[in-house]
Amino acid sequence: MPAIRRPSPIEARAARIEAALRKVERIAEAPGGEDYIPVINRLRDELDAAQRAIH
């Protein structure tokens with residue numbers, strides 16, 4: 001049985017950002033959700049940076 005690999009800190013951060021982004025995107029779909037667009041954009045930028053750091 002192979003050992004389970006633990007994610008690096010940057011991989012864990014990317015996973016947390018992805019989860020937060022999905023949550024905020026769901027909230028933004030509701031009426032009045034356009035207020036969340038800057039938050040979504042910031043999270044996408046952070047996720048892109050984290051993914052670039054991984055690769």
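Predicted model: local features only at pLDDT ≥ 70, side-chain atom pairs only at ≥ 80, totals over all residues.
Four salt bridges turn up in a search of the whole structure.

**Whole chain**

Start with the chain in cartoon view. Two helices and zero strands make up its secondary structure. The radius of gyration is 14 Å, well over the 10 Å that the globule rule gives for 55 residues, so the chain is more spread out than a compact globule.

Switch to a surface. The accessible surface of the chain comes to about 4500 Å², with 56% of that area belonging to carbon and sulfur atoms. Of the 55 residues, 16% count as buried. For contacts between residues at least 6 apart in sequence, 50% join residues at least 24 apart.

**Helix H1**

Select residues 9-28, which form helix H1. At 1.5 Å a residue, these 20 residues should span 28 Å, and the end C-alpha atoms are 28 Å apart, which agrees.

Now show side chains for Ala14, Ile17, Leu21 and Val24, which are buried in H1. Looking down the axis of H1, these buried residues fall within an arc of 95°, so they line one face of the helix. The spacing has a simple background: an α-helix has 3.6 residues a turn, so residues three or four places apart point the same way.

Then go back to the buried side and ask what covers it: the cover of the buried residues of H1 includes helix H2.

**Helix H2**

Select residues 37-54 for helix H2. Its 18 residues should span 26 Å at 1.5 Å a residue, and the end C-alpha atoms are 26 Å apart, in agreement.

Show Ile40, Leu43, Leu47 and Ala50, the buried residues of H2. They cover an arc of only 90° around the axis, which puts them on the same side of H2. These buried residues pack against H1. On the other side of H2, the exposed residues are Pro38, Asp45, Arg52 and Ala53.

**Leu43, between the helices**

Centre the view on Leu43, which has its place in helix H2. Is Leu43 buried or exposed? At 8% relative accessibility it counts as buried, because the cut-off for buried is under 20%.

Select what is around Leu43. Leaving aside residues up to four places away in sequence, Leu43 touches Ile17, Ala20, Leu21 and Val24. For a distance label, pick the C-alpha atoms of Leu43 and Val24: they are separated by 9.2 Å, with the two residues 19 apart along the chain.

**The salt bridges**

Side chains of opposite charge can pair when their charged atoms come close. Show the charged side chains and take the pairs in turn.

Begin with Arg5 and Glu11, whose side chains meet in a salt bridge at 3.2 Å, N to O. Arg5 is exposed, with a relative accessible area of 60%. Glu11 counts as partly exposed at 24% relative accessibility.

Next select Arg13 and Glu46, which form a salt bridge with the closest N and O atoms 3.3 Å apart. Arg13 lies in helix H1 and Glu46 in helix H2, so this pair ties together parts that are 33 residues apart in sequence. Arg13 is partly exposed, with a relative accessible area of 36%, and Glu46 counts as partly exposed at 26% relative accessibility.

Arg13, Arg42 and Glu46 are linked in a network of salt bridges.

Finish with Glu25 and Arg44. How far apart are N and O in the salt bridge where these side chains meet? The distance is 2.9 Å. The pair links distant parts of the chain, with Glu25 in helix H1 and Arg44 in helix H2, 19 residues apart. Glu25 counts as partly exposed at 26% relative accessibility, and Arg44 counts as partly exposed at 39%.

Conventions:
Residues numbered from 1 in each chain as written. Heavy atoms only, no water. Helix = DSSP H or I, 4+ residues; strand = E, 2+ residues; numbered from the N terminus. Expected span 1.5 Å × (residues − 1). Buried < 20%, exposed > 50% of the residue type's maximum accessible area, 1.4 Å probe, protein only. Arc of directions from axis to C-beta. Contact = heavy atoms within 4.5 Å. Rg over C-alpha atoms; globule rule 2.2 N^0.38 Å. Areas by Shrake-Rupley, 256 points an atom, 1.4 Å probe, with all protein chains shown as cover.
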